[in-house]
Amino acid sequence: MSGWFADIVWADIAQACLDTLAMLGGSLVLTILFGLPLGIALFLTSPGQVWANRLGNGALALAVNLLRSVPFIILLIVMIPATVLLVGTSLGVAGAIPPLVVGAAPFFARLVETALRGVDRNTVEAVQAMGATTRDLVWRALLPEAMPGIVAAATVTAVALVSFTAMAGVVGAGGLGDLAIRFGYQRFQTDVMVVTVALLLLLVQGIQMLGDRLVRRLVRG
Amino acid sequence: MIRLDGVTKRFAGGAVALDDVALDVARGEVFGIIGRSGAGKSTLIRMLNGLERPSAGQVLVDGADVATLDDAALRTLRRRVGMIFQQFGLLGSRTVADNVAFPLKVAGMGAGDRAARVAELLARVGLSDHGAKYPAQLSGGQKQRVGIARALATGPDILLCDEATSALDPETTRDVLALIADLNRDLGLTIVLITHEMDVVRQVCDRVAVLHAGRVVEQGAVADIFLDPQAAETRALLAEAGEQVTADFAEFAGRVVRWTCHGDTIGQPVLTMVARETGADFAILDGRIGRLRDERYGQLTLGLSGGDTDAAIAALGRYGRVSA
Ligand SMILES: Nc1ncnc2c1ncn2[C@@H]1O[C@H](COP(=O)(O)OP(=O)(O)O)[C@@H](O)[C@H]1O
Ligand SMILES: [Mg+2]
């Protein structure tokens, strides 16, 4: 047993944890900020909805599908120039956030669109029939009605972001994934690998539990 | 109050849901539209609050052509035209009281006025104790009452009902229809009601239009349409619902007539009086006694033989309407 955990520098682990949490927090907030309106737009421009528009919907869908079809590891690399332009560096937590958001926002937008599609068609019509503006329809009816689905979508997206942050480690973002690869994989320090994976698992479990609890609280009756 | 003129609706893809429809609904009446599933009933009623736009023709609601209104004018119109739905369309994330308050909030009414109005509306539909519940905790009939309270919130003059009772059991249907009839009487609400259930029309409507494959094949007073339908489509529809006698009595040796009477005549011994007077014998071949809205009616298919059948038919004509 004496060899176990001997390689581990706990300060590195703590720093990596903070980096991962910062990347996750920052990118999740921005993903929701960009993904939610995109998801709403995807829904509202689809056939039969208030802004039904074949061309607009087709363009949005194409952009979303394009971003979603690029493997994240490729996105990380091709985005380097844009990232440098945006945040001044492609390294560290700041450098990881733009590709994380670009990778996750289209995914989240699709999930939001699906959640909105789940809102009872009759409810949408009833709200329109009472003379609501599109703004009232979205803010006061669609989003509240779809909120459990949107929170579930954010939960799934957050979990996906955890694995994206690990991959971002490859291009110098830091965090737990970076630690796992540099020490655990490349230097055969299995104990570092085990600890980082355990911490990532803990994080994913925590996110899922929090999300599930929120959804349960939001579902009425 | 409502006038449709030459209204045609062609959907993208070519389906013609309405074909040259003309209708008039008078202020304060309950107007029914019946027809099979797919006849175009929902498309028609949705024209009246601009949820659907006609491909051709005019939809006039209180003088305004719905199809030409801009968004703001359409929203104003919609506050004067309430609508209820088969599947209720309630907001599951909001309480009953908040559902009823929703159109008021959207119309910009302050919170204080809103609470008072909601209390009044919930009392009106008999749900005063249920304001804090969520829709999922209510029965179907209660949900539709919430739908009605919500539709009435902005004080409309017109109420549109799209199969409003079709998801309810017969007893609840009767209660909800009674409520709708009360609203018509107490608030002078003009009501357009579409349904595939003949009982609904019989219970609450003043006039009715029969829609078949996008065309109005017949319209008129409910008694006329139900007791003396002219169009083949109407007869078929009524026969399926067990309303109308279509059996063939050719094998009967005497004369066969249909006799229809209303109101107080139902309580009188008309047949025996006529039989004594004219010496004719009556066989009752078919018939029903029922109610159209608040009036009782009877319709009998009679076989006459012996005595003076012409005099008997003339005598029957004094108490009701005789048709072949
Ligand atoms: N949005 C739509 N797009 C294409 N066809 C439609 C649409 N809505 C209704 N229809 C068609 O129009 C016809 C009438 O439909 P509807 O008015 O719903 O009938 P009803 O309410 O009498 O059952 C049907 O054949 C239906 O398939
Ligand atoms: Mg319908």
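## The largest pocket

In this predicted model, the largest pocket holds about 800 Å³ of space. Its lining is made up of 30 residues, and those closest to the pocket centre are A:G48, A:Q49, A:V50, A:Q128 and B:L51. By class, the lining of the largest pocket comprises nine nonpolar, 11 polar and 10 charged residues.

Several helices contribute to this lining, with at least two residues supplied by each of α2 (54-69), α6 (121-129) and α7 (134-168) of chain A and by α2 (71-79) of chain B. Which element gives the largest share of the lining of the largest pocket? That share, four residues, comes from α2(B).

## Annotated regions of the two chains

For chain A, an unreviewed UniProt entry places the feature "transmembrane region" at residues 20-45, 66-87, 93-112, 150-172 and 192-211.

Side chains of opposite charge can pair when their charged atoms come close. Over all chains, the count of salt bridges comes to 23, and one of them joins the side chains of A:E125 and A:R121, with an N to O distance of 3.7 Å. Both A:E125 and A:R121 belong to helix α6 of chain A, where they are four residues apart, about one turn of the helix.

## Salt bridges between separate parts of chain B

In chain B, B:R80 forms a salt bridge with B:D157, and the closest N and O atoms of the pair are 3.2 Å apart. This pair links distant parts of the chain, since B:R80 sits in the loop between α2 and β6 (81-85) of chain B, while B:D157 sits in the loop between α5 (140-152) and β7 (158-162) of chain B, 77 residues apart. B:R80 is partly exposed, with a relative accessible area of 30%, and B:D157 likewise counts as partly exposed, at 27% relative accessibility.

Another salt bridge brings together the side chains of B:R258 and B:D228, at 3.5 Å from N to O. B:R258 lies in strand β11 (residues 255-262) of chain B and B:D228 in the loop between α8 (222-227) and α9 (232-240) of chain B, so the pair ties together parts that are 30 residues apart in sequence. At 15% relative accessibility B:R258 counts as buried, whereas B:D228, with a relative accessible area of 24%, is partly exposed.

## A network with residues of both chains

Which residues are joined into one network by salt bridges that share partners? The network consists of A:R121, A:E125, B:R46 and B:E52, and the pair A:E125 and A:R121 within it is the one placed in helix α6 of chain A.

Definitions and conventions. Residues are numbered from 1 along each chain as its sequence is written. Chains are lettered from A and ligands numbered from 1 in the order in which they are written. This is a predicted model: local features need pLDDT of at least 70, side-chain atom pairs count only at pLDDT 80 or more; totals for chains, interfaces and linings use all residues. Side-chain values use heavy atoms; hydrogens and water are left out. UniProt positions are given in the numbering used here, feature names are shortened, and annotations may be inferred rather than shown by experiment. On a 1 Å grid over the protein atoms alone, a cavity is a set of points where a 1.4 Å probe fits but cannot get out, and a pocket is an open set with protein on both sides within 12 Å along at least five of seven lines; lining residues have an atom within 4 Å of a point. Grid points are joined across faces, edges and corners, and a volume is the space filled by probe spheres set on the points. Ala, Val, Leu, Ile, Met, Phe, Trp, Tyr, Cys and Pro count as nonpolar, Asp, Glu, Lys and Arg as charged, and the others, Gly among them, as polar. A salt bridge is a side-chain nitrogen of Lys or Arg within 4 Å of a carboxyl oxygen of Asp or Glu. Buried means under 20% relative accessible area, exposed over 50%, partly exposed in between (1.4 Å probe, protein chains only).
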